[in-house]
Structure formats: C-alpha cells, structure tokens
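Reader: I would like to learn how to read the features of a structure from its atoms. Please take one feature at a time.

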Amino acid sequence: MNTNQRIARLTHLGRMGLFAVPLAVLAAFPARAELTLNGTFEVELARNSDTLINTKRVEGSFAGMVWHNFGAQFDLGIGKHEQYTSTSPSAGAHVFYKPSEEAAVGVYLAAEDRRPGNSYFYGVEGAYRTERYGIEGYLAMRDDIAETTTGHRVGFDATYSFADLSQLSVLTGAVYDDGGPLERGYGYVGASYEISDGFALGGTVGRTDNGATVAAISATLTFGKGSTFGRRDSFGLYPGY
C-alpha cells in the first residue's frame with residue numbers, strides 16, 4: 001500500500017467515524033428504544049433500450065429507533081453493469097429524528113465504488129408516510145474520493161396506494177446530479193403489487209437526461225415497518241444508466 005492509498009484509507013475511516021461516534025452515543029442510551037428491526041431487501045434488473053445494456057442490483061436496508069425519537073439506518077448494496085467487468089458496492093448510514101409516527105428528518109453519509117469513479121455523498125433528507133401515500137426528498141453534496149471534482153444531488157420519490165386495492169401502489173420520482181463526471185438526470189413512473197404479506201413485485205419505466213428509456217423490474221421483501229428512507233446509491237437511483 002503506497003502513501004496515497006494510506007491517506008485515502010485514513011480519510012475514509014475518518015469520515016465514516018463521523019457517523020459511527022454519534023451512533024455509538026445514541027446506542028448507549030436505550031431509553032424508549034424500539035427493539036424491532038425494520039428494513040427492506042430488494043433485487044432489481046434494469047435494461048436501457050437505447051444502449052441495450054442491463055444492470056443488476058441487490059440492496060438491503062436496516063433501520064430502528066435507538067434513543068427516544070432518534071433512529072439509525074444502514075444500507076448495503078452491490079450492482080453490476082454489463083459494460084464493466086467488476087461489481088460496484090455501496091454503503092450508507094443515516095441518523096434521523098421522528099417527530100411523529102409518519103414523519104422523519106435526517107442526515108446521511110453514502111459511499112459508492114462506481115465505475116468509473118468513487119464518491120462520498122453528504123446529505124439531508126426528509127420523509128412523510130401514511131397508509132395511503134408517502135413522499136421523501138433528499139439533497140446531497142458529492143465528494144469524489146480520488147479526484148478534486150465535486151457536485152450535488154437532489155431527488156424525490158413518491159408512492160400512492162388505492163383505498164379499495166391497498167396491495168397496489170403507483171410510484172414516481174426523479175433525481176438530478178450536477179458536476180462532472182456525474183452529470184445526469186432520471187425520472188420514472190411505475191407500480192408495485194404486494195402478492196403476499198411483506199413481499200412485492202414491481203416495475204418502472206423512466207427516461208434519462210439524454211433521452212434513453214429504461215425499464216426495470218424488482219422484487220422487494222419488507223420486514224417490520226420497512227426502511228425509513230429509500231435508496232441513495234447511484235445504481236439504485238439510475239437503473240440502466
């Protein structure tokens with residue numbers, strides 16, 4: 001390991017430590033903690049109709065309350081792009097506050113080994129969900145690990161379930177990144193159907209900023225109350241890109 005690799009590794013550990021310390025402090029105070037682990041596990045396959053390239057993604061998110069109205073969520077994922085021989089792992093950590101059962105506001109740190117490029121995302125986020133509908137939004141700054149380039153990311157996701165058919169949900173959302181080399185945008189619509197308790201199949205169709213159409217299908221397993229926040233990695237936000 002050369003000097004630059006040592007510095008990059010120490011920087012990476014230091015940044016993750018910024019989130020590890022407050023999480024450890026919160027965990028030391030178990031008052032009114034929620035012992036049930038909530039989360040989601042998702043498998044997705046997407047295809048870009050213009051480039052005829054497929055992408056695959058597997059991701060899990062685990063969340064819970066750790067002290068009073070404060071909670072934490074951890075994300076782990078891995079994606080595969082047909083254009084590249086290696087896989088692209090990602091990880092995220094969220095710390096959030098729930099002023100009510102429906103609402104949550106938080107901050108997050110996400111890291112991804114993207115092809116090409118590796119980045120950190122420092123963001124703020126908010127979500128509001130009821131039995132019928134949900135919406136969440138996020139805003140982040142991007143810091144590229146091996147380069148001097150930076151950028152920003154902003155996006156939202158929304159869902160709506162029908163009163164007379166609660167298993168069926170319609171989905172929509174959009175995301176935009178600025179700052180090279182990750183200048184891109186994507187918007188989508190879709191639907192999800194819960195075929196059994198906690199297990200749903202879904203599909204989306206979206207358009208990229210360069211006019212390409214992307215179709216994706218997914219299977220999602222939800223346990224407990226599900227994850228508090230959605231995906232934050234580029235593979236999840238830009239399927240088939």
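**Salt bridges, cores and elements**

Author: Glu 42, Glu 44, Arg 57 and Glu 59 are linked in a network of salt bridges. A salt bridge is a side-chain nitrogen of Lys or Arg within 4 Å of a carboxyl oxygen of Asp or Glu. This is a predicted model, in which local features need pLDDT of at least 70 and side-chain atom pairs count only at pLDDT 80 or more, whereas totals for chains, interfaces and linings use all residues. Residues are numbered from 1 along each chain as its sequence is written, and side-chain values use heavy atoms, with hydrogens and water left out.

Reader: How many salt bridges are there by this rule?

Author: The count comes to 9. In one of them, Glu 59 pairs with Arg 57, with the closest N and O atoms 2.5 Å apart.

Reader: Are Glu 59 and Arg 57 buried or exposed?

Author: Buried means under 20% relative accessible area, exposed over 50%, and partly exposed in between (1.4 Å probe, protein chains only). Glu 59 is buried at 7%, and Arg 57 is buried at 3%.

Reader: Which elements make up the chain?

Author: Helices (H or I, at least four residues) and strands (E, at least two) are DSSP runs, numbered from the N terminus. The chain has 2 helices and 12 strands, and a helix stands at each end of the order α-β-β-β-β-β-β-β-β-β-β-β-β-α.

Reader: Where in the chain do Arg 153 and Asp 177 lie?

Author: Arg 153 lies in strand S8 (residues 150-162) and Asp 177 in strand S9 (residues 165-178), so the pair ties together parts that are 24 residues apart in sequence. Their side chains meet in a salt bridge at 2.9 Å, N to O. Arg 153 is buried, with a relative accessible area of 1%, and Asp 177 is buried at 0%.

Reader: What is a nonpolar core?

Author: In soluble globular proteins, nonpolar side chains tend to be buried together. A nonpolar core is a set of buried Ala, Val, Leu, Ile, Met, Phe, Trp, Tyr and Cys residues joined through side-chain atoms within 4.5 Å. Here the largest has 14 residues, and those with the most contacts inside it include Tyr 108, Phe 121 and Tyr 138. Strands S5 (103-113), S7 (133-144), S10 (184-196) and S12 (213-223) each supply at least two residues of this core.

Reader: Which residues does Phe 121 touch?

Author: Contact means heavy atoms within 4.5 Å. Not counting residues up to four places away in sequence, Phe 121 touches Tyr 108, Arg 153 and Asp 177, among others.
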